[in-house]
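This report describes a ligand site and a few backbone features of one protein model. Please look at the sequence and structure first.

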Amino acid sequence: MDDTLSAELIARDLNTRVVGRRVEYLERVGSTNDVAAQFADAGDAEGLVVIADEQTQGRGRMKRAWLAPAHSSLLLSILFRPRARHAQIAMAVALGASKGITKEIKRAVQLKWPNDLLLNGKKCAGILTEAKTIGDKIEYVIAGVGVNVNFHAADLPDIPRAATTLSDELDAFIPRVQLAQSILRGIDDYYARFSGGTDLDSEWKARLATIGQRVRAQIESRIEEGIAENVDREGALLLRRADGTIAKLIAGDVTLIA
Ligand code: BTN
C-alpha cells in the first residue's frame, strides 16, 4: 500500500487554526525537534510542523534514543510560541494526540505520567517538549511526537519491552497521512482551548491512568515508591510514600507495581 508522506498531503484539507499552518517534510533528519528549533530560531511562526520519515538521532525523554524503522512511523515536531504556562503545552499535546489516535483507530488510548500514550497498557507514543527561554520569557516550545505505527515492536531488539505499535495492537496497517492529520487536528483543538485560557490540568489529570496506582518511579539513579496521589498544575507527580510524606516528581519514569 502506498503510504508516502508529504507536506502537501498532510496540509491538504487539514483545516486547523494554528497547528500545521506550515508543514515541512524531510525524508531523513537527525531529530525533527532540532530541525524545528532551527526554523524557530530563523523566525518561523508558531504552528510549523516538521515531519520526517526517518531520524538518525531521534531523542526520547531522559536522554534516551527514540527508535523507529524508516517509513514506519510518525516522527513530528510542532513549534509553539506560547506567552506562558509551558507545562500546559505538553498536556495539550498529550490530550490532543490521544484524541487524534483514538479517532483514527477507534480504540481508547490512555495517558501515563508524564506524557506517554498507552494502547492496551503498552506505550505506543511519546512526547518530548523542549523550550527555549530568554530570562523569564518563553521564546518557543518544540513538542516532538513519536508514534509507533506500522512495524513489529518485537523486530526492534532495543525498543523497551513495554512498547508496542498501532499495527501490532490492531493487527492492521494504519495509513500515516490520515493518522498524522487526525493527531494534528486533536492537538490544534487542545492548543486553542489552552490559548483561550482553559486550564488543561484537570482534564489531563482525569485521563492519567497513573493516578491512584501504586508506582515505582525512577528519577535518574533514585527510586521512589508510593501511591501516585495527584499532579499539580505544572504537571509534577505527587507520590505518597509509605511514611506518609510526599515526593514531588518533576521528571522521571513510573511503572505500576502490584
Ligand atoms: C519519550 O517518550 O521518551 C518521548 C519520545 C519523543 C520522540 C519524538 S519523535 C519526533 C521528535 N524528534 C525527536 O528526536 N524526538 C521526538
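Helices (H or I, at least four residues) and strands (E, at least two) are DSSP runs, numbered from the N terminus. The model is predicted, so local features need pLDDT of at least 70 and side-chain atom pairs count only at pLDDT 80 or more, while totals for chains, interfaces and linings use all residues. Residues are numbered from 1 along each chain as its sequence is written, and side-chain values use heavy atoms, with hydrogens and water left out.

**The ligand site**

At least two residues of the shell around the ligand are supplied by each of α2 (32–41), β3 (74–80), β6 (122–134) and β7 (137–147). Strand β6 gives the largest share, 4 residues. The shell holds 6 nonpolar, 10 polar and 4 charged residues; Ala, Val, Leu, Ile, Met, Phe, Trp, Tyr, Cys and Pro count as nonpolar, Asp, Glu, Lys and Arg as charged, and the others, Gly among them, as polar.

There are 20 residues around the ligand, and Ser31, Gln55, Arg59, Arg61 and Lys123 come nearest. A residue is near a molecule if one of its heavy atoms lies within 4 Å of it.

| Protein atom | Ligand atom | Distance |
|---|---|---|
| Ser31, polar side-chain atom | oxygen | 2.7 Å |
| Arg59, backbone N or O atom | nitrogen | 2.7 Å |
| Lys123, side-chain N or O atom | oxygen | 2.5 Å |

Taken alone, the ligand exposes 420 Å², and the protein buries 99% of that. These accessible areas come from the Shrake-Rupley method with a 1.4 Å probe.

**Ser98**

Ser98 is placed in helix α3 (residues 87–105). Is Ser98 buried or exposed? Ser98 counts as buried because its relative accessibility is 1%; buried means under 20% relative accessible area, exposed over 50%, and partly exposed in between (1.4 Å probe, protein chains only). The side chains of Ser98 and Arg207 make a polar contact at 3.0 Å. Such a contact is a pair of N or O atoms within 3.5 Å; within protein, one must be able to donate a hydrogen and the other to accept it, and residues adjacent in sequence count only if both atoms are side-chain atoms.

**Loops**

Met62 is found in the loop between β2 (49–55) and β3, and Lys63 is also in the loop between β2 and β3. Phi of Met62 is near 55 degrees, a positive value in a residue other than glycine. For Lys63, phi is near 60 degrees. Met62 counts as partly exposed because its relative accessibility is 33%, whereas Lys63, at 84%, counts as exposed.

Pro114 lies in the loop between β4 (110–112) and β5 (116–119). A cis peptide bond, with omega about 0 degrees, joins Trp113 and Pro114.
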